[in-house]
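My entries follow the order in which I looked.

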Amino acid sequence: QVVRHLMWPRPSAMARLADLRAAILERPHLATALRAFLMTRPAVFVVAFAAVITIGISSSPGFILSREPLDNLPARFDAGWYGGIALDGYYWDHTFQRQRNIAFFPALPLLMGPVGAVLGMYEEGPSRERRILRALWGGVAISLVAFFWALLYTSRLATDLIGSERAPAAALLLAAYPF
């Protein structure tokens, strides 16, 4: 930052931030979605991490991909199925003896592939568990982007349905649900 300031003293970083803030505030739906997102999503991660650290993982978890609580955070519920589909694709041996990954819709695993690739999901060195974790963190990024889009859409829809003065509350209530 110092080198950048010495080379290009104008506009300053603070002036650029002020311009960015003004540009966001000119778009009320974007400002509403961004405000609701930044007020809730970091808190969700902090609470989830604190819960895993203080309470721990159940004695019989579905699967554990890492001994590190933060790394293993997205490995819950059906995430293993989606991570496996993103890494290895669908597989069906034409039997109905146990669960199969063909029951899961392909949109999230298809998106997890390229995002996970950026995170190193297809590298040859790491273990399969590590590569699935990278796919799952890619899925977290996709989910956050989709949630931000939903907040933006909710703000626009709420403006049409309940008015512009109450639309920000609708987006914030969506972000804070069920609390």
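At what angle do α4 and α6 pack, and how far apart are their axes? I looked this up in a predicted model. The angle is about 105°, and the axes are 9 Å apart. That makes α4 roughly perpendicular to α6, because angles of 65 to 115 degrees count that way.

**Entry: who makes the α4 contact**

I listed the residues next. From α4 come A79, G83, G84, A86, L87 and D88. From α6 come R128, R131, I132, A135 and L136. I then sorted the contact of α4 with α6 by class. I noted 6 nonpolar, 2 polar and 3 charged residues.

The side chains of R128 and D88 meet in a salt bridge, 2.1 Å from N to O. R128 sits in helix α6 and D88 in helix α4, and the two are 40 residues apart. I noted that this pair links distant parts of the chain. R128 has 40% relative accessibility and counts as partly exposed. D88 is partly exposed too, with a relative accessible area of 48%.

**Entry: other salt bridges**

How many salt bridges does the structure hold? I found 4.

I took D71 and R130 next. Their side chains meet in a salt bridge at 3.3 Å, N to O. D71 lies in the loop between α3 (28-54) and α4 (79-88), while R130 lies in helix α6 (residues 128-162). The two are 59 residues apart, so I marked this pair as another link between distant parts of the chain. D71 is partly exposed at 23% relative accessibility. R130 is partly exposed as well, with a relative accessible area of 32%.

Then I looked up R134. R134 forms a salt bridge with E123, and the closest N and O atoms are 3.1 Å apart. R134 is in helix α6, and E123 is in the loop between α5 (107-118) and α6. The two are 11 residues apart. R134 counts as partly exposed at 22% relative accessibility. E123 counts as partly exposed at 42%.

**Entry: α3 against α6**

I went back to helix packing. The axes of α3 and α6 come within 9 Å and cross at roughly 140°.

On the α3 side I listed H29, L30, T32, A33, L34, A36, F37, R41 and F45. On the α6 side I listed W137, V140, L144, F147, F148, L151, L152, S155, R156 and T159. By class, the contact of α3 with α6 has 13 nonpolar, 4 polar and 2 charged residues.

I picked T32, which is in helix α3. Is T32 buried or exposed? T32 is buried, because its relative accessible area is 7% and the cut-off is under 20%. I set aside its neighbours within four places in sequence. T32 is then in contact with S155, A167, P168 and A171.

**Entry: A175**

A175 lies in helix α7 (residues 167-176). A175 counts as buried at 4% relative accessibility. Which residues does A175 touch, leaving aside its neighbours within four places in sequence? I found A36, T40, R41, F147 and L151. I also checked a distance. A175 and P28 are 147 residues apart in sequence and 17 Å apart in space, C-alpha to C-alpha.

**Entry: R4**

I ended with R4, found in helix α1 (residues 2-7). R4 counts as partly exposed at 22% relative accessibility. Leaving aside its neighbours within four places in sequence, R4 is in contact with P11, S12, A13 and R16. R4 and R67 are 63 residues apart along the chain, and their C-alpha atoms are separated by 40 Å.

Terms used
Residues are numbered from 1 along each chain as its sequence is written. This is a predicted model: local features need pLDDT of at least 70, side-chain atom pairs count only at pLDDT 80 or more; totals for chains, interfaces and linings use all residues. Side-chain values use heavy atoms; hydrogens and water are left out. Helices (H or I, at least four residues) and strands (E, at least two) are DSSP runs, numbered from the N terminus. Buried means under 20% relative accessible area, exposed over 50%, partly exposed in between (1.4 Å probe, protein chains only). Axes are lines fitted to C-alpha atoms, for helices over the stretch in contact, and angles run from 0 to 180 degrees between N-to-C directions. Contact means heavy atoms within 4.5 Å. Ala, Val, Leu, Ile, Met, Phe, Trp, Tyr, Cys and Pro count as nonpolar, Asp, Glu, Lys and Arg as charged, and the others, Gly among them, as polar. Angles under 35 degrees count as roughly parallel, over 145 as roughly antiparallel, 65 to 115 as roughly perpendicular and the rest as oblique.
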